Every structure is written in structure tokens, then in C-alpha cells.
Amino acid sequence: PIDPGYPTERIEYMLEDSDAKALITSSAFMDILPKDGSAVIIEANRLNTTDTAFKNRSKQAQRIYTIYTSGSTGKPKAASVYHKGEINLLNWYIRDFNITESDKCYLISSLSFDLTQKNIFAPLVTGGELHLLDSDIYDPEIVAKHIKEREITLINCAPSAFYPVLESDIKGLLDSVRHIFLGGEAIKTSLLNREAILNSGAEVVNTYGPTECTDVCCFYRLSREDISLQRAVPIGKANDNAKLYILDHQNKLAPIGAIGEIFVAGEGVGEGYLGRPELTSSVFLPDPFSDEPDARMYKTGDLGRYRADGNIDYIGRTDFQIKIRGLRIELGEIESTLLRHASVKEAVVIAAKDNNDNNIIVAYFVSAASATDSNEIKNRLRADLAKDLPDYMVPSALIEIDSVPLTPNGKIDRRALPN
């Protein structure tokens, strides 16, 4: 899937890199498409779907879709997954959450986002309704209005895209909603602790899974106490036919409570990256814990730990770890500390370099009280952070911003933060 909101150059790259033979689209997007690419452009309303070319020839072990994700080289990389993984995902999704023909799913995430795919397929499989945004521009107030007016029952998006919806003053906003699936980044329960959630029957579900492993591989159902007490929320336990390992630096199973890297195995593990065999082999590894000879596991780059009850805590990214004065620092811990402060509505912490090329910590925050003096808030934050964190973990700079920038997929866009 290609988001028509992408720049023409990016669309051109995706078509060329994937060696696409055809692009099915609508006449409304013809002007933004590359004119000299190798892919044949077909208008959807001119398709003859009774043609033999459209007969289902797919098998479970064949590719079902390819999603382009950000790449460290500056060029997006193409992660492909199998039919069997998506079928496995849909069986779990539809069964565990009792999705039926009565459900109305609101599609507010980008068409090129991996979590979007199951929300397109599930209504088609069950006979339910799929509702789309009327505009390419994401407006939380319009989304809130549609949820109420259309009596939406299922919502799935990134947490950062959902929090602003809860700021709406629409009464009974979530009266019709059964499930709110949030994924793609860690949930901040302080931003879910709103009357719209607490006074509704909507269940919030934390979902976790890399694009390379067919969207969701584990999940956790939040209780009202999790939200009202603003608890740290785990990513939960594995769903159908998925396995999650927490491995140490020697790729051995870490004990309960010990932090290690998350590896995903099972039915959802994808094919790899198109045209990048070296990258594929570096993160899609043989599964040493499986009896199946060809079983593979995916190295996520995420840090986690098992709780005693079998749930997994998401700690952060291995590439969000830095060292200052030889001491290892997890930036997510600093973010969590900031978010406990009453003056902070949202926070993002990044690593940067000073003029001497030394690592420093920079914290961006959105104030919960816009009328308060910015310098006063910063002084209070510094004082409170110094009480909770060692001095080497206190950010060198605190920068107030109006809002946290988001990618088209609703995730935090760290590259768009001000210098």
C-alpha cells in the first residue's frame, strides 16, 4: 500500500525499489504519480475483476503485502510478510474481540501503516462496516465528531494520535466504542486518564509487534485501575502462535525481571527486506529454541523484561540507549519521570551532541498549563528531576514545544523536533 500523501519522489522510489508491475489507484491521484516509471498505472474504476487475472492464486507461504519503514541509510526499507501470518493475526483479532457484522471500524491511520491492514481485512471478513476519514488532514476534533455521529465501535491507531481526541468536549464521546487498540509506541496512561475513557465501556488494548512480524505479536487489556492510577502498562503476552524471547547479550534467555532484547518468533515472522539480503540475514535469525528446522526469529532492537505474571514490560529501544561518563542511560526512563510531573502533558527525550562532540540529553515537553511562565516550569522541572534522577541523567536542555510532531503513521517524529 502507498499513502497518496507521500511526496512524489518517495512514491517513485517505492515503486522502483519494489519492482512493482502495476499500481491501482483512482483518477484523483493521477497528477501526483510518476509519469515515467516502469509500473503500469491502472484506474480502479476501470478494472474488470471478473477477468481470470484476478482469480485467487495465493498460497499461505506467499507474500501478502510489503510495508516501507524508515531506514537508517535515509532510504526506506521494504518489509514483506506472508499470507499465513495475516490469516493467523485475523483469526486471533476477530475471535478474541468478537468482531462481527455489527461492528464499525474507523480507519484513521495511514494506509501504508502495518496496523491499518488488519482493520481493512477484518470488516471484509466479518461483514462489518469500514469508515474512512473524510480528509487527508488529521483533525482530532473531526475524528471525535465522527466517532460519536457514526457510532464507531472499533478504533486502532498510535497513542499519540488518540490522546488529542480525548480532549474533545463531546458528551458521551465513546458511548458506542467497544475496543480502542493502541500500538506503535508506548502508552502514557496519564494522557488516557480522562472522563471520556473512565466513564465509557470502551476497553483499551495495548498492542505490540514490529512491521516485520505482521503487526501484532502480543497484547495487554488495560483495566480501569491501570488508567486511573496511571500505572506503567506492559505490552502483555503473546497472541496466537507467536513466541517472544527476552535474550541477553549472549543471546541466552534472560531471567524474569532482567532487561534484554526482545526477539519474536512464530507464525507472524515475515519474509525479510526486499532486495536487502544482508540486512535480512542480520535480523532474521535461526530460532535456536524451536524444534522446527527452518524456524526463524526476528531481532527487534527493542528492550524488554518478563514480569513474574508472564507479561512483558517494554523498556525502550537499544538505539535509544546512550552512555554519559561511561554510564548507560535509557532515555525512556527520563521521559517517564517527566510525565509524572503535573506541569508536563507530553515529553520526548533525545540524545544529542554538544560542541565538543560529547553526548548530552535534551528533553522536549508540552506544558499542561499554557498560561504558566516557561522559565518557571523549566526551573521546577530541573529541581524535581534532580530529586528523582542521578545528576548524569538530568537533561542538559529543557525545550518547551507547542505539540509533539507526528509522522503520517501517528508516531512521534523525532527528526522534526526543533534544534
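At 6% relative accessibility, Asp215 counts as buried, because the cut-off for a buried residue is under 20% relative accessible area. This is a predicted model, and Asp215 sits in the loop between β9 and β10. The points below look at this loop and then at the chain to which it belongs.

**The loop between β9 and β10**

- Thr214 is placed in the loop that runs between β9 (203-208) and β10 (218-221), and with a relative accessibility of 1% Thr214 also counts as buried.
- Most residues other than glycine have a negative phi.
- Asp215, although not a glycine, has a positive phi of about 80 degrees, and Thr214, a residue other than glycine, has a positive phi near 60 degrees.

**The chain as a whole**

- The secondary structure of the protein chain comes to 11 helices and 22 strands.
- The radius of gyration of the protein chain is 22 Å, which is close to the 22 Å that the globule rule gives for 419 residues, so the chain is as compact as a globular protein of that length.
- Taken along the principal axes, the C-alpha atoms of the protein chain fill a box of roughly 70 × 55 × 45 Å.
- Among contacts in the protein chain with a separation of 6 or more, 58% are between residues 24 or more positions apart.

**Burial, surface and charge**

- Of the 419 residues in the protein chain, 48% are buried.
- The protein chain exposes about 21300 Å², and carbon and sulfur atoms supply 48% of this area.
- There are 46 positive and 60 negative side chains in the protein chain, and the centres of these two sets lie 3 Å apart.

Notes
Residues numbered from 1 in each chain as written. Heavy atoms only, no water. Helix = DSSP H or I, 4+ residues; strand = E, 2+ residues; numbered from the N terminus. Buried < 20%, exposed > 50% of the residue type's maximum accessible area, 1.4 Å probe, protein only. Rg over C-alpha atoms; globule rule 2.2 N^0.38 Å. Contact = heavy atoms within 4.5 Å. Areas by Shrake-Rupley, 256 points an atom, 1.4 Å probe, with all protein chains shown as cover. Lys, Arg positive; Asp, Glu negative; His and termini not counted. Charge placed at Lys NZ, Arg CZ, Asp CG, Glu CD.
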